[in-house]
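Here is a short report on one protein model.

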Amino acid sequence: MSNNPSQQHHLNSIPNTEKLNKIKLFRLFEPSLGTITFSFLTVCFICSLFYLDYRDLAKGFLFSPTKSDKFVGFEFDGSIESSKVEFLSENGGGCDVFDGDWVWDESYPLYESRNCRFVDEGFRCFENGRPDLFYTKWRWQPRDCYLPRFDAKIMLEKLQNKRLVFVGDSIGRNQWESLLCLLSSAVPNKEAIYEVNGSPITKHKGFLVFMFKDYNLTVEYYRAPFLVLQSRPPADAPANIKTTLKLGEMDWSSSKWRDADVLIFNTGHWWNNEKTIKGGCYFQEGSELKLEMKVEIAYKKSLETVLDWIHREVNMSKTQVFFRTYAPVHFRGGDWSTGGSCHMETLPELGSSLVPPDTWLRYNTFLDVISAQSNKSYIKALDILNVTNMTSRRKDGHLSLYYQGPKLGPASLFRQDCSHWCLPGVPDTWNELLYAHFLKRESARAYNPPPR
């Protein structure tokens, strides 16, 4: 039947007997057996979509952060799949593991939060009332190679007698707790894992050091959201200045983690007007206050300070240094203080990402700072965990309403957390990438020790 509106109107305006005669001209009532079969199968397929459990349907789809507006399609065994190499193989060095797709994998998650006592209460989304577990089932699949599956036993053995340290904001803490759970899954005696100072993991600020006694390994977290030093303002500073960020000096705790064997940095979430100037935190270079300096300029200068500190203070032949890029937030209709939400999100982003524009400003600032020094040997020895693009598609993975603990239940619709991540969830993928790069670098060190 024609879809043309004028033809449709004409058909509706003529007598029924004449309609029937016209329809017969199309032989719609004289179909072949093949037509009947095709129509029947089509109706069955469409109806089945209404009854299929999403988990079954999702198995067949890929969600691609590099395709703008549609499913990539179904996974089939074929030449594209067979052309992929193992990332850890000799041919895997050219693979960009950050270019790929989110794929449904029934073997995920790699652990359950109820079996891991190292997850902060606020990150336990399922136990805090989240009704779905879809967000735990997505695995990152690079386009041109295969990542090694995370093997906690191998990593623990490689890290024996070493220190692994996370430094950054609470999103870095998210990743740190994820790694504690991943590693502890291979330790039968959980009592052999403990915080060296007896500090509780929930609602604890400052730094935490967990010892894996059987391996003489510490996995540590140091809270330093800006990485550079936040301190009291000069004595003659205006009254509205409560603190300053000394852009040329590292955080006070840097002496504690300078000699770590593996060092993972992150920053970015506090580099905004809300957390700095609006809160009375201004910028300082030397003894001079920079009252007119914009946040993005201060952020750039702080990154330059961090890289310079790595060059001067870190022995790159001993310490493997990672820098994880900014993990986007996914507030809709506002931000954390103005009613922004993400609680209705249960799937990864299918089309182009809708994260705030300042996400890409911070991301590009970081890339610009790295690029400006890319010819220096210590930059070449630095591992960048470039997770911004891939994470921008995971609007479904945040705490949203489920961060208050099981006793209090879901939070108010107007006080959602669309910055931090449920565990298990997206930070596990960051650690899978950390694991892959760690093993790759460990293998390379045996042949080509990185320069000082």
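Which residue stands opposite Phe322 in E16? It is Ile264. The model shown here is a predicted one.

Strand E16 covers residues 320-324. It is mostly covered, with 5 of its 5 residues buried. Both faces of E16 are covered. Gln320, Phe322 and Arg324 are buried on one side. Val321 and Phe323 are buried on the other.

E16 pairs with strand E13 (residues 262-265) in the parallel sense, over 4 bridges. E16 also runs parallel to strand E17 (residues 383-385), and 3 bridges join these two. Here Arg324 has Leu385 in E17 as its bridge partner.

**His437**

His437 sits in helix H13, which spans residues 426-445.

What does His437 touch, leaving aside its neighbours within four places in sequence? Its contacts are Phe87, Val97, Phe98, Gln320, Phe322, Asp383 and Leu385. Two of these names have come up in E16: Gln320 and Phe322 are on one side of that strand. Leu385 is the bridge partner of Arg324.

**An open sheet**

Another group of strands forms an open sheet. It has 4 strands, in the order E11-E12-E14-E15, and the pairing is mixed. Strand E11 (228-231) and strand E15 (288-290) stand at the edges. Each has a single partner strand, so one side of each is left without a neighbour in the sheet. From one strand to the next, the twist averages 35°.

E15 runs antiparallel to strand E14 (residues 281-285), joined by 3 bridges. In this pair, Gln284 stands opposite Leu289 in E15.

**The spaces**

| Space | Volume | Lining by class |
|---|---|---|
| Largest pocket | about 1,600 Å³ | 16 nonpolar, 14 polar, 17 charged residues |
| Largest cavity | about 80 Å³ | 8 nonpolar, 3 polar, 3 charged residues |
| Second largest cavity | about 40 Å³ | 5 nonpolar, 2 polar, 2 charged residues |

Take the pocket. Helix H7 (170-184), strand E10 (217-223), H9, helix H10 (357-372) and strand E19 (417-421) each supply at least two residues of the lining.

Now the cavities. How many cavities of 30 Å³ or more are there? The count comes to 2.

The largest cavity is lined by 14 residues. Tyr108, Thr136, Trp138, Gly425 and Asp428 lie nearest its centre. H13 gives the most to this lining, with 4 residues. H13 is also the helix that holds His437.

The second largest cavity is lined by Thr267, Tyr299, Phe323, Arg324, Thr325, Tyr326, Arg362, Tyr363 and Phe366. E16 and H10 are the elements that give two or more residues to this lining. H10 gives the most, with 3 residues. H10 also supplies at least two residues of the lining of the largest pocket.

Definitions and conventions:
Residues numbered from 1 in each chain as written. Predicted model: local features only at pLDDT ≥ 70, side-chain atom pairs only at ≥ 80, totals over all residues. Heavy atoms only, no water. Pairing = 2+ DSSP bridges. Axes fitted to C-alpha atoms, helices over the stretch in contact; angles between N-to-C directions. Contact = heavy atoms within 4.5 Å. 1 Å grid on protein atoms, 1.4 Å probe; cavity = no way out; pocket = protein on both sides within 12 Å on 5 of 7 lines; lining within 4 Å. Points joined across faces, edges and corners; volume = space filled by probe spheres on them. Nonpolar A, V, L, I, M, F, W, Y, C, P; charged D, E, K, R; others polar. Buried < 20%, exposed > 50% of the residue type's maximum accessible area, 1.4 Å probe, protein only.
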